[in-house]
Amino acid sequence: MESLNMNYTSLDHDLAIRRFCPARVEEEQGEWEEILNEIEMCSSPTITNPNNNNGTNTPLLEAWEIDEFVDSFINMDEHYDDNNSSSNNNNKDSPPQDDGSPVEVETDVGLVVMPSVEEANHGVDQGLHLVHMLLACAEAVGCRDTQLADSMLNQIWSSVTPYGDSLQRVSYCFANGLKSRLSFLQNNVNTNGTFMNGSMEFSVSLEEKIEAFQLLYQTTPFIALGCMVANEAICQAATNKDYLHIIDLGMEHTLQWPSLIRTLASRQEGSPKQLRITGLIDEDQTLVAELKTSMNSLVEEANSLGVTLKFNLISEQVTPSLFTKEKLDLREEEGEALFFNGFMHLHKYVKESRGSLKSILQSIKKLSPTLFTIVEQDANHNGPFFLGRFLESLHYYSAIFDSLEASLPRNSQQRMKIERHHFAEEIRNIVAFEGPSRIERHERVDQWRRQLGRAGFQVLGLKCLSQARMMLSVYGCDGYTLSTEKGCLLLGWKGRPILLASAWQVNNVHSSS
C-alpha cells in the first residue's frame, strides 16, 4: 500500500516505534530461554541490531510493516468483501443495520449518547492515527520510557471511548492495559531494573464475569461452537460405552454439558448407565458455590432424561501430581471410559515456560484417556517480546470487536457487558502483566499441535463440519468463517482465526516419558 506519513505535533514517531531498546530485551530474555530456542516459531519478525554487542535479535518495526498492519486493521471489511462478494449478496438473513442516527443508552455510568454512524466512523486517516499512536505508546512502554508513554496516553484518551465504534472501543481496552503496565513500571521497578508485578484490585466481580461469558455464549458462536464440536467428539468416542467419566480442566462454567446430556440420552443404543463429571477448579470458594448450584440443576435435568449424572469438584492447584487414579477417582476396572476436556483453559497452564504445560500433558497421557478435547483461542499471545504480543493481540481483538459490532446493535447492553467484563479483562492481562500473573498465554494451532504431539497425542479428525456450518447459519451474520487445518476446526471472523477446536487420542506408537 502507499506509504503514509503522519505529522504528529507532540510525538517523535521514529523515536517511539523504531529505536532500539536494550532495556526491553534485557527485561524479557530471562523467562523465555526455552522459547528463544524455538524463536523461529514466533510470528514477529526479527533483525539484528548493530548497537547490541551481544548480537541479540529483537523485533523491530519497519515503516512498511506498520502501514501493512494498520491497513489490515482498518480495511478488514474490504479485504473480506473482495473474497466473499457473492456470498454477501446472497445473504438475506443478516440482522437489520442501524439507520445512522445518534442513540441514547442507559449505562452503569448514566445516560450516554452513542455517536451516529458518521460521527463514530473516524475515517481511515483518523483510524490510522489512533492505531499508530497505540503502537508508538506500546513501544515506549516496552522501552520503559515512562515519560514519553504517559504523554502519548494522554493524547490517546481523547480518541478512545467504551461507547464508540469498534476501533474506539478496542483501543480503549488496550489503552487501559498500557496504563496498567505503565503504572506497574512507575511504581514497581526495583533497583536492578527487574519488572515486578504489583497488586491491583480488579473492578470486575465474579458474577459479572460469569454473566458476560453467558452472554457471549448466547449471542455469538465463539463459545457455543466450541461446546458443540467438543461434545460431538465425546459422543462419537463414547459410542457403546456405558460408563463415562469426563475430567473438565479448569471448570469455570457448565454451559457445555446440557447439550451433551441430551445427546447421550437420545443415543440409538440407549443412554449410558452413568456419567461422571469432575471439575478441576482454582481455589475460589465463590466459584465453587456457583458451580455446585449449576451442577445440581444439571443432575435433576439428567435424571428426567434417564441419565444418571454424578459430579465432583476438586479445588486445588493443577500440577502433574494431581493426575493420578487415586486423586481423580478413576474406575478403569469398572470399564469406565475416561475423557479430558480443556475448554479455553489449557493455555493458563503454560505459565512462564512451556515446561509446565508439557508435564501436565504427559501426566494426562499416562492415564490413557479415550479422548482429549481441546478448545482454545487461536492466537499468538505468548511470544517472547512485549511489542510482538501487543501487535498480535491488537489485531486479534479488533476482529472480535468488529464481529460484535456486526452482531449486536450499537446500543446493546449485552455487547457492552461482554466487552467490558470479559474481553477487556483478557486484554489487560496480556498487555499489563508478566511472570506468573500473566495467565492469558494463548497459542496458535500449530503450537498446540506441536506440544500435544511431543506429549504423546495424535489429532483425531472431526466429523462435525456440516453441523458447524449449520450452527453458524443460525446467527444470520455474514463474516464468520470456518476452515480445517490438519484435523483441527478453526472458527474465524472475516478470515482472521479466532478459535480452534480439536480432539486428540493417545498415540500408542509414541514414547514420551
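Modeller: Start with rings. Rings of Phe, Tyr and Trp (its six-membered ring) pair if their centres lie within 6.5 Å; planes under 30 degrees apart count as stacked, over 60 as edge-to-face and the rest as tilted.

Biologist: How many aromatic pairs does the structure hold?

Modeller: It holds 14 aromatic pairs. One of them joins F323 and F340, a tilted pair with 6.0 Å centre to centre and 50° between the planes. This pair links distant parts of the chain, 17 residues apart. F323 lies in the loop between β7 (309-315) and β8, while F340 is in strand β8.

Biologist: What should I know about the model and the labels?

Modeller: This is a predicted model, in which local features need pLDDT of at least 70, side-chain atom pairs count only at pLDDT 80 or more, and totals for chains, interfaces and linings use all residues. Residues are numbered from 1 along each chain as its sequence is written, and side-chain values use heavy atoms, with hydrogens and water left out. Helices (H or I, at least four residues) and strands (E, at least two) are DSSP runs, numbered from the N terminus. The protein chain has 18 helices and 13 strands.

Biologist: Are F323 and F340 buried or exposed?

Modeller: Take the term before the case. Buried means under 20% relative accessible area, exposed over 50%, partly exposed in between (1.4 Å probe, protein chains only). Both F323 and F340 are buried. Now take Y396 and Y397: their ring centres are 4.9 Å apart and their planes at 90°, so this pair is edge-to-face. Y396 is buried at 1% relative accessible area, and Y397 is buried at 0%.

Biologist: Which residues form one aromatic cluster?

Modeller: The cluster holds F174, F386, F390, Y396, Y397, F401 and F423. F386 also has a charge over its ring. That label requires NZ of Lys or CZ of Arg within 6 Å of the ring centre and within 35 degrees of the ring normal. Here the charged end of R181 sits 4.0 Å from the centre of the F386 ring.

Biologist: How many residues has the largest nonpolar core?

Modeller: A nonpolar core is a set of buried Ala, Val, Leu, Ile, Met, Phe, Trp, Tyr and Cys residues joined through side-chain atoms within 4.5 Å. The largest has 71 residues, and those with the most contacts inside it are I156, L178, L225, F390 and Y397. Helix α15 (residues 386-407) gives the largest share, 11 residues. A second, separate core has 31 residues, including F323, L330, Y349 and I360. Of the 513 residues in the protein chain, 54% count as buried.

Biologist: What is L225 in contact with?

Modeller: Contact means heavy atoms within 4.5 Å. Leaving aside neighbours within four places in sequence, L225 is in contact with A468, M471, L472, L482, L489 and L491. Now look at I400, which is in helix α15. I400 is buried, at 1% relative accessible area. Not counting residues up to four places away in sequence, I400 touches F423 and I498. I400 and G492 are 92 residues apart in sequence, yet 9.0 Å apart in space, C-alpha to C-alpha. Across the protein chain, take the contacts with a separation of 6 or more: residues 24 or more positions apart account for 77% of them.

Biologist: Why is strand β9 largely enclosed by the rest of the structure?

Modeller: In a regular strand the side chains alternate between the two faces of the sheet. In β9 (residues 371-377), 7 of the 7 residues are buried, so the strand is largely enclosed. L371, T373, V375 and Q377 are buried on one side, and F372, I374 and E376 on the other. Two strands pair if DSSP finds at least two bridges between them. β8 and β9 run parallel, joined by 5 bridges, and N341 has T373 in β9 as its bridge partner. β9 and β13 are antiparallel over 6 bridges. F372 stands opposite W504 in β13.

Biologist: Where does M344 lie?

Modeller: M344 is in the loop between β8 (337-343) and α14 (354-366). Its backbone deserves a check. Most residues other than glycine have a negative phi. M344 has a positive phi, near 55°. M344 is buried, at 13% relative accessible area. K494, in the loop between β12 (488-493) and β13 (496-506), has a positive phi near 55°. At 16% relative accessibility, K494 also counts as buried.

Biologist: How many disulfides does the structure hold?

Modeller: A disulfide is a pair of cysteine sulfur atoms within 2.5 Å. The structure holds 0 disulfides. C137 is buried at 0% relative accessible area, and C235 is buried at 14%.
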